[in-house]
Amino acid sequence: GGWLKIAPRTPLLPCTRACSSRSAWAQGGAPPLAAPVRQIRQQEEVFGEPGPGGCSSAAVAPCPRRRAFVTIQRQVAPGGWPASGMDVVTVQVIYSNPYTAAGRPAVFHMRSVDNIAALKELIRENLRVLVQEQRILTSAFGQELHDNTTLWELRTQPGEPVSVTLVPAPINLLVLSGGSGGSGHTRLCLFDAERGEPLHELTEPKDNVLAAVVDWNHHRGLSAGWESTIRLWDLAGGKTLRELQGHNACGVFCLAADWVAQKAVSGGQDCTLRIWDLNSCMLVQTLVGHAQPIFCVSMEVNARRVLSGSQDRTLRLWNLDCCETMQELSGHSGTVFCLAVDWSWMRALSGSWDCTLRLWDLSTGETLQELRYHTNAVFSCAMDWNSQQAVSGSSDNAICVWDLKQGLPTRHLYGHGDTVTCFEAEWSTNRLLSGSLDGTLRLWDVESGENLQTLQGRTGDVRCVQARWLGGASVTQAVPQVAVPNALVPR
């Protein structure tokens with residue numbers, strides 16, 4: 001609201017503190033303007049009286065005196081008026097990323113009036129870097145920059161590039177949750193679970209998200225649901241990279257991936273398993289054998305094996321070399337909704353509509369144990385064979401902790417108000433993250449049974465979850481568990 005009076009020939013009056021043209025611009029003075037123009041130097045008389053909007057022009061210049069002069073260098077067009085364009089600043093961003101050559105900075109061309117917040121947006125859109133996990137420092141002095149710092153303030157000389165460095169500041173618990181969306185909710189959300197703050201709300205899925213797997217090292221993910229396509233995501237940028245098309249019917253209920261081998265497997269409503277090459281995003285194999293929809297799957301690429309569970313009440317162990325069933329595991333009397341596998345020990349745990357869990361020897365196809373406690377369908381499970389522990393979640397709203405040596409429950413975790421649909425476990429620290437149709441995620445101490453934290457999943461109900469724990473990716477390598485779609489109630 002203040003105003004400036006141009007007085008080119010008025011002598012410069014003394015000021016109680018030094019005022020450079022740079023600090024004047026930083027405090028709200030006019031930034032440099034780019035055009036085929038000439039440079040002039042002029043003095044501007046700054047008055048402290050309120051302008052038409054009631055604001056004092058003292059906010060424009062840093063001089064504390066009521067009336068003072070500051071020297072400002074501007075570019076003006078040949079006619080004497082400021083040029084219309086802004087001058088361009090070259091910004092070099094030094095960062096660590098597996099997709100770029102070591103030490104090779106990313107380069108952006110921005111206006112001098114743009115600030116660090118605008119630079120973060122460019123980084124988010126163009127680099128596979130999660131900016132919320134980065135501190136932006138000046139490369140020369142190592143000083144952390146704030147969002148409102150302008151590029152003009154960082155430039156030492158006109159025409160010289162501005163160099164900044166990204167320093168990782170990892171989030172302790174990074175979570176991706178998927179669900180049905182609904183009023184005021186998204187279907188897929190990446191958030192800082194420790195602070196409960198959303199980082200990206202991914203709005204592109206057109207229908208419920210029922211399964212997801214994540215490559216935390218490269219910030220990529222796959223999601224699937226009632227769409228017939230599978231989406232490959234850039235989670236740092238919050239956008240779809242590719243869509244994988246191949247299933248014949250809407251409804252992809254389960255996913256598993258080996259990100260090192262760049263292979264993924266999906267199963268769903270069309271009763272088939274599809275093997276994908278994630279480099280080309282092309283379908284490479286189709287496994288046919290189940291008579292009804294497939295709800296859970298796990299894959300071991302090195303051993304060329306896939307294990308799947310179906311509404312036909314069976315599990316099938318597949319050989320990827322010949323695309324045929326090696327073992328058909330029978331025993332459940334209802335739909336197999338979830339499974340967890342330890343491929344090194346060839347052990348698998350499955351949960352079913354029949355309210356039971358079964359521990360399998362995949363070498364022989366035999367049931368080693370039948371675990372009974374739940375009073376309703378079992379929709380989620382996780383297992384750590386080394387510690388002989390497992391957890392299961394059910395429509396009875398309870399989480400059961402199991403001792404696999406004895407085949408008995410050791411603890412029950414209560415808190416969810418609806419079906420427990422999915423798990424992510426960090427067995428080395430005895431932490432468990434559970435998701436439910438009640439729309440919450442709960443963090444548990446498995447050993448004590450304490451509910452450490454309750455989080456809003458931001459997706460309406462929570463159908464699937466992936467977590468990255470501080471110190472590395474989640475140790476749960478099995479497919480994320482999915483809830484039964486509301487429109488389908490198999491028995």
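Let's start with an open sheet of 4 strands, ordered S17-S18-S19-S20 with antiparallel pairing. Strands here are DSSP runs of E, at least two residues, and helices are runs of H or I, at least four, numbered from the N terminus. Two strands pair if DSSP finds at least two bridges between them. This is a predicted model: local features need pLDDT of at least 70, side-chain atom pairs need 80 or more, and totals for chains, interfaces and linings use all residues. Residues are numbered from 1 along each chain as its sequence is written, and side-chain values use heavy atoms, without hydrogens or water.

S19 (residues 272-277) and S20 are joined by 6 bridges. Within S20, leucine 283 sits opposite tryptophan 276.

Next sheet. The order is S13-S14-S15-S16, again open and antiparallel. At its edges are S13 (209-215) and S16 (239-244). Between S14 (residues 220-225) and S15 (residues 230-234) there are 4 bridges. Serine 223 has arginine 231 in S15 as its bridge partner.

Now the cores. A nonpolar core is a set of buried Ala, Val, Leu, Ile, Met, Phe, Trp, Tyr and Cys residues joined through side-chain atoms within 4.5 Å. Buried means under 20% relative accessible area, with a 1.4 Å probe and protein chains only. The largest nonpolar core has 20 residues; among those touching the most other members are Val91, Val93 and Phe108. A second, separate core has 16 residues, including Trp216.

How values were computed. Buried < 20%, exposed > 50% of the residue type's maximum accessible area, 1.4 Å probe, protein only.
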